[in-house]
Amino acid sequence: MNKNTLILALVLLTFFVVSFITNILGPLFPSLVADFNLSLAIAGFLPFSFFVAYGVMSIPSGILVDRLSEKTVLFMAFMMAALGSSIFAISPSFYMAMFSLFLIGTGMAMLQVAINPLLRVVGGEEHFAFYSVSGQLLFGAAGALSPLVYSKVVLAIEEPESNNFLISTLQTLVPANMTWVSMYWIFALISLVMLALIIMLKFPKVNRKNTESVGAIKVYITLFKDKKILLFFIAIAAYVGTEQGVANFISIFLQEYHGLDPLTEGVDVLSQFWLMLTLGCLLGLVLVKFLDSRLVLKIFSLSAIVSLTLALFGHTQLALVAFPLVGFFLSVMWSVIFSLALNSVAEHHGSVAGILCTGIIGGGLASPIIGVIADLSGNLRLGMIVIYITLFYIFGVGFWAKPLIHNKTINLFKNSNKDTVKTSNL
């Protein structure tokens, strides 16, 4: 097999692994709250520990990739993930969970920064869009799969005996009253396998274009003074805050207001949320070929607001449908906001991309705010109303964004209009 094909497969596998590890936090959330006896406000700082690492590490990771290599950064990233997973699996406690999530988040941030330029080189520039979308689909597939794997593994471990080697081994490693800790052993194992693959494969040299390289510190300072960049940074933070704020509280919300089991019914809805988020990407790809991306953003953000309203205030059956629909309508927001931001500047695209990735820190801000409001009011539904603020901000992007380059669309009626005129003249 061609060595670039192997690296390409490794990069696509990395998209899957990043999502599998990142999106397991939602299913784990109810267990973390119950077993560590946490208030929702304190529990909200667990995702904060994970996502703050993106804020801290995204720009330094870009500099590391420039100065070292993709292979070195990928190796360091999976070392971080393996270390973070192992220390919590060995010594599960609340403070260790926060430290562990920060280390794992650091690893995931480094991976996000390193794999995209590598994908462009090994997949070929002319195929970059195709493989990029393929990576996003694998990302979404892993997000849908991880809650189901979590549920299956935990339920299997809770059985008294098992003939499965993996399950019986995990039964000896995890506390009987905290079977969900088994997922951290699985994360450590996955990270070690990825480390072995990285060591074995020879990576190609990545030659970056000027627009893809990260800039000096003074470039970042200049960009941070640009109001337009700051507004897009907030938009990315609002999007990730919305995504994680909904995902982290779905199971608890369904348990509290509808009496559903978070380990079975809760994870099913959460899995559907990530699955619909993936399927929505496919529709979004088609729509931006025919409509201005700002119009697509307005339609999807308004639809997400309506779906969220039905999920929060509807009856049980409506909530089971509406929560996944929120995921469906969130699907296009990341890519549309990101492309609008990059198309709104004439230079320093690599540095702008680094700043936008730093906005992923928003994923760690929404959950503590929701938790604090829920604890103070005694009403989780009131806390989740915070999501309306982030969604309306994203809706506003569709009005104030003024890109220098607009997305190219297909005008289905252009030729037919000409034909009509020609026919009339005859």
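The legends below describe close-up views of a predicted model.

**Figure 1. Overview of the protein chain.** The secondary structure of this predicted chain amounts to 20 helices and zero strands. Of its 426 residues, 52% are buried. Among contacts with a separation of 6 or more, 83% are made by residues 24 or more positions apart. The chain exposes about 18,700 Å², and carbon and sulfur atoms supply 67% of that area.

**Figure 2. Helices α13 and α15 where they cross.** Helix α15 covers residues 333-342, and α13 covers residues 293-313. Their axes come within 10 Å and cross at roughly 145 degrees. The crossing of α13 and α15 is left-handed. On the α13 side the residues that meet α15 are Ser293, Arg294, Leu297, Phe300, Ser301 and Ala304. Their partners in α15 are Met333, Val336, Ile337 and Leu340.

**Figure 3. The salt bridge between Arg294 and Asp292.** The structure holds one salt bridge. Arg294 forms it with Asp292, and the closest N and O atoms are 2.9 Å apart. Side chains of opposite charge can pair when their charged atoms come close. Arg294 has a relative accessible area of 16% and is therefore buried, the limit being under 20%. Asp292, with a relative accessible area of 26%, is partly exposed. Arg294 is also one of the α13 residues that meet α15.

**Figure 4. Two serines of helix α13.** Ser301 counts as buried because its relative accessibility is 0%. Once neighbours within four places in sequence are left aside, Ser301 is in contact with Met333, Leu391, Ile394 and Phe395. Met333 is one of the α15 residues at the crossing with α13. Ser307 is buried too, at 4% relative accessibility. Leaving aside neighbours within four places in sequence, Ser307 is in contact with Ala322, Leu325, Val326 and Phe329. Helix α14 spans residues 316-330.

**Figure 5. Pro324 in helix α14.** Pro324 is found in helix α14. At 4% relative accessibility, this proline counts as buried. Pro324 and Phe273 are 51 residues apart in sequence, yet their C-alpha atoms are 3.9 Å apart in space. With neighbours within four places in sequence left aside, the contacts of Pro324 are Val269, Gln272, Phe273, Met276 and Ala319. Helix α12 runs over residues 262-287.

**Figure 6. A nonpolar surface patch that includes Phe290.** The patch is made by Leu275, Leu279, Leu282, Leu285, Val286, Phe290 and Ile410. Its area is about 570 Å². Phe290 is found in the loop between α12 and α13. Phe290 has a relative accessible area of 36%, so it is partly exposed; patch membership calls for over 30%.

**Figure 7. The loop between α2 and α3.** Helix α2 covers residues 25-35 and α3 covers 40-43. Asn37 is exposed, at 69% relative accessibility, whereas Leu38 is buried, with a relative accessible area of 14%. Asn37 has a positive phi of about 55 degrees although it is not a glycine. Most residues other than glycine have a negative phi. Leaving aside neighbours within four places in sequence, Leu38 is in contact with Leu32, Val33, Ala43, Leu46 and Phe94. Leu38 and Phe94 are 56 residues apart in sequence, and their C-alpha atoms are 8.9 Å apart in space.

Figure 8. Lys152 is placed in helix α7, which comprises residues 128-157. Lys152 counts as exposed because its relative accessibility is 64%, the limit being over 50%. Lys152 and Thr264 are 112 residues apart along the chain. The separation of their C-alpha atoms is 9.0 Å.

Notes. Residues are numbered from 1 along each chain as its sequence is written. This is a predicted model: local features need pLDDT of at least 70, side-chain atom pairs count only at pLDDT 80 or more; totals for chains, interfaces and linings use all residues. Side-chain values use heavy atoms; hydrogens and water are left out. Patches are made of residues with over 30% relative accessible area and no salt bridge: like charges are joined within 9 Å, nonpolar side chains (Val, Leu, Ile, Met, Phe, Trp, Tyr) within 5 Å. Accessible areas come from the Shrake-Rupley method with a 1.4 Å probe; for residues, only the protein chains shown count as cover. A salt bridge is a side-chain nitrogen of Lys or Arg within 4 Å of a carboxyl oxygen of Asp or Glu. Helices (H or I, at least four residues) and strands (E, at least two) are DSSP runs, numbered from the N terminus. Buried means under 20% relative accessible area, exposed over 50%, partly exposed in between (1.4 Å probe, protein chains only). Axes are lines fitted to C-alpha atoms, for helices over the stretch in contact, and angles run from 0 to 180 degrees between N-to-C directions. A crossing is left-handed if the near helix is turned anticlockwise from the far one by less than a right angle, and right-handed if clockwise. Contact means heavy atoms within 4.5 Å.
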